[in-house]
Amino acid sequence: MKQIFIDQFIVPAIAQQEFKKRMKINRDFIKKLDGFVEDRAFERYDEQGSLICITMAIWQNEDVLQKAKEAVQQLYQQQGFDMKAMLQRLNISMERNTYTQLAD
């Protein structure tokens, strides 16, 4: 069963450029992984000018999603990148969940 991995980020105006740069790196990377189906990103802005960004990556099944998560962590290690530290430093909030598609 396909797995839909969805993140929602709330990004203050001052942090948007750095956030979008990192998001592009991640989206470009996952597209090359086995089991990747497709991804999408959506955005809107709130009254304070913060970016609300939702990213969605669809994977063939739970096994390939787990392997993708591991591959992303390896990439972070190789690059010396700490996601939690970046989110904290830039005051970005993140909500992350995995979904399956409803049957018709």
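Reader: What should be known about the model and its numbering?

Author: This is a predicted model, in which local features need pLDDT of at least 70 and side-chain atom pairs count only at pLDDT 80 or more, while totals for chains, interfaces and linings use all residues. Residues are numbered from 1 along each chain as its sequence is written, and side-chain values use heavy atoms, with hydrogens and water left out.

Reader: Why are strand E2 and strand E4 said to stand at the edges?

Author: Two strands pair if DSSP finds at least two bridges between them; strands are DSSP runs of E with at least two residues, and helices are runs of H or I with at least four, numbered from the N terminus. The open sheet has the order E2-E3-E1-E4, with antiparallel pairing. Strand E2 (36-45) and strand E4 (93-99) each have a single partner strand, so one side of each is left without a neighbour in the sheet.

Reader: What makes strand E1 and strand E3 a pair?

Author: Nine bridges join strand E1 (residues 3-11) to strand E3 (residues 51-59), and the definition asks for at least two; therefore the two strands pair. Within this pairing, Ile-4 stands opposite Ile-58 in E3.

Reader: Why is Ala-41 called partly exposed?

Author: Buried means under 20% relative accessible area, exposed means over 50%, and partly exposed lies in between (1.4 Å probe, protein chains only). Ala-41, whose place is in strand E2, has a relative accessible area of 33% and is therefore partly exposed. Leaving aside neighbours within four places in sequence, Ala-41 is in contact (heavy atoms within 4.5 Å) with Arg-27, Ile-54 and Thr-55.

Reader: How do you know that the span of H1 agrees with expectation?

Author: The expected span of a helix is 1.5 Å times one less than its number of residues. The 15 residues of H1 should therefore span 21 Å, and the end C-alpha atoms are 21 Å apart, which agrees.

Reader: What puts the buried residues of H1 on the same side?

Author: The buried residues of H1 are Gln-16, Phe-19, Arg-22, Met-23, Asn-26 and Ile-30. They cover an arc of only 130 degrees around the axis, the arc being that of the directions from the helix axis to the C-beta atoms, and this puts them on the same side of H1. An α-helix has 3.6 residues a turn, so residues three or four places apart point the same way. The face of H1 turned away from the buried side carries the exposed residues Gln-17, Lys-21 and Lys-24.

Reader: Against which elements do the buried residues of H1 pack?

Author: These residues pack against E1, E2, E3, H2 and helix H3 (83-89).
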